[in-house]
Number of protein chains: 2
Amino acid sequence: MSELRIAIVGFGKIARDQHVGAIAVVQGATLAAVASRNASLPGLPHFATIEELLEQGPPIDAVSLCTPPQVRRAQAATALAAGKHVMLEKPPGIGVAELDPLIAMAAEAKRTLFATWHSRYAPAVEPARQWLATRRLKSVHINWKEDVRVWHPGQTWIWEPGGLGVFDPGINALSILTRILPQPVFVTAAELAFPANCQAPIAANLTLTDIGGLPVTAEFDFRQTGPQSWDILVDTDGGQMKLSRGARIMAVDGKVVADAPDEEYRELYRRFVALTATGMSDVDLAPLRLVADAFLLGKRTLVEPFVD
Amino acid sequence: MSELRIAIVGFGKIARDQHVGAIAVVQGATLAAVASRNASLPGLPHFATIEELLEQGPPIDAVSLCTPPQVRRAQAATALAAGKHVMLEKPPGIGVAELDPLIAMAAEAKRTLFATWHSRYAPAVEPARQWLATRRLKSVHINWKEDVRVWHPGQTWIWEPGGLGVFDPGINALSILTRILPQPVFVTAAELAFPANCQAPIAANLTLTDIGGLPVTAEFDFRQTGPQSWDILVDTDGGQMKLSRGARIMAVDGKVVADAPDEEYRELYRRFVALTATGMSDVDLAPLRLVADAFLLGKRTLVEPFVD
């Protein structure tokens, strides 16, 4: 099999921190170019826009879109129309319905559209899913609190319409939740705290449930200083399971049963390479649907302005 | 075929204005009971809650849920669990994902779940759909402006989380739009005007498009006094089509080509009776998905408090 020649589009923090390194080590993937208005990588062909990349760039098979979600749909459509496979950073769009035409285009062109949820590839996710499958669940609590100034410095797009605010990390928790639970969940109530100067919430509390009435709560907060938390706790008839550090670690009743290094982005690119071999797509919109529902039915409160 | 014995649950304005009269004239449907905390209909068995109705009431085959959307999911689940067919007023829920378990329950129980969109049964909708199917569309504009004090007097639920505000009528326009256009649309931008004392918008501007880039705009406003407008205009290569008065009237280049009396709710109950004959469900979530996306990606502004 020949190498999948990938261009990264959008060369911000996540592209540099994760994508470049992952592509470098994944067999069958090779980084062929970068498109970004501002940034480039020494030694690699660089273009300002995806259009210039496609017109003037070296031959590529796929694009990995690491741009803010507000511009990604149009870029994905452009890439699919040019016959390229497309990998989307999370969230896959600024709305749920905008994915439908992309899915149709990908199917028509027999190209892969891969809406990634990197947190689902954290090492403890699959062990947790399997462990929960044989237990009776009593309750679930998500505690996802981080310091936006540390993790999203200067990312103004996150506060603009479509930027999701605290749901940008929160959707990672929801992507894990919707993978490990045996039944689909839905939002029944939400409280969204909007800074007076922002178009996206800085904190949110969600109440969810499933067809059996399982109580699920989630606390998302972007104002966390000191210890950061990316935890999911599940009480069951077989004890309490805890996923911590973004599902890197799984413990049952306090005893660690899984602890492995983070290979999320390597796993994403392994999956992307495998998908492109047959042109299959992988687009699960469940996490984004939950966020859309939270915005739709949530109670909004105004909180103090956010200054980065 | 025996009559479908229907109980209306929630006996507010829409139940009285539309449902009672429609059931009375539709062949195969009969009104058997009412469940409502406050209201009743002389001569008909009355119960305070759906639970009392199901435990103590006369035999029924179906419930028609005319309660506010915030309580409807639990009532629908209760009715389906009791083996009843369920008809949902619009919107079908306060979130999109909450419909999934109801759809699963209905399929499992071989009972009908009918998520109604009454405006789709307006007389000019089908002629419009057929007319548009053979034209090249250039642009679409929706103008949906009504006086909330006239049409929703005292309906405080409409301003609470999940109540949709101006999208309660606006979703009627979207239910027509998603029926008459040849391609699915999605929201690309939205402006939502929230009264400072309300949890739902009083006005909204939407920008939508489809896979081909069709420009679609919508103006929803609940503050309209004087002439009310429920219009959809479509510019095509074959002239301008206008649906007015909530798709009661269709005109092409100013010439009326369809104009018939409103039978929306009669058509709804005819459809419900037909669906229950086989236990098929009819749940199209496209209009609610568009509203959820508008909330998700919309720009929020605060406007003056609303006092009914």
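Reply: Two strands pair if DSSP finds at least two bridges between them, and strands (E, at least two residues) and helices (H or I, at least four) are DSSP runs numbered from the N terminus. This is a predicted model, in which local features need pLDDT of at least 70 and side-chain atom pairs count only at pLDDT 80 or more, while totals for chains, interfaces and linings use all residues. Residues are numbered from 1 along each chain as its sequence is written, chains are lettered from A and ligands numbered from 1 in the order in which they are written, and side-chain values use heavy atoms, without hydrogens and water.

Me: Which strands stand at the edges of the open sheet in chain B?
Reply: The six strands pair in parallel in the order β3-β2-β1-β4-β5-β6 of chain B. Each edge strand has a single partner, so one side of it is left without a neighbour in the sheet; these strands are β3 (46–47) and β6 (113–115) of chain B.

Me: What is the bridge partner of B:L65 in β5(B)?
Reply: Strands β4 (residues 62–65) and β5 (residues 85–88) of chain B pair in the parallel sense over four bridges. In β5(B), the partner of B:L65 is B:L88.

Me: How are α7(B) and α9(B) oriented to each other?
Reply: Helix α7 (residues 167–180) and helix α9 (residues 286–297) of chain B pack at about 125°, with axes 8 Å apart. Axes are lines fitted to C-alpha atoms, for helices over the stretch in contact, and angles run from 0 to 180 degrees between N-to-C directions. Angles under 35 degrees count as roughly parallel, over 145 as roughly antiparallel, 65 to 115 as roughly perpendicular and the rest as oblique. The two helices, α7(B) and α9(B), are therefore oblique.
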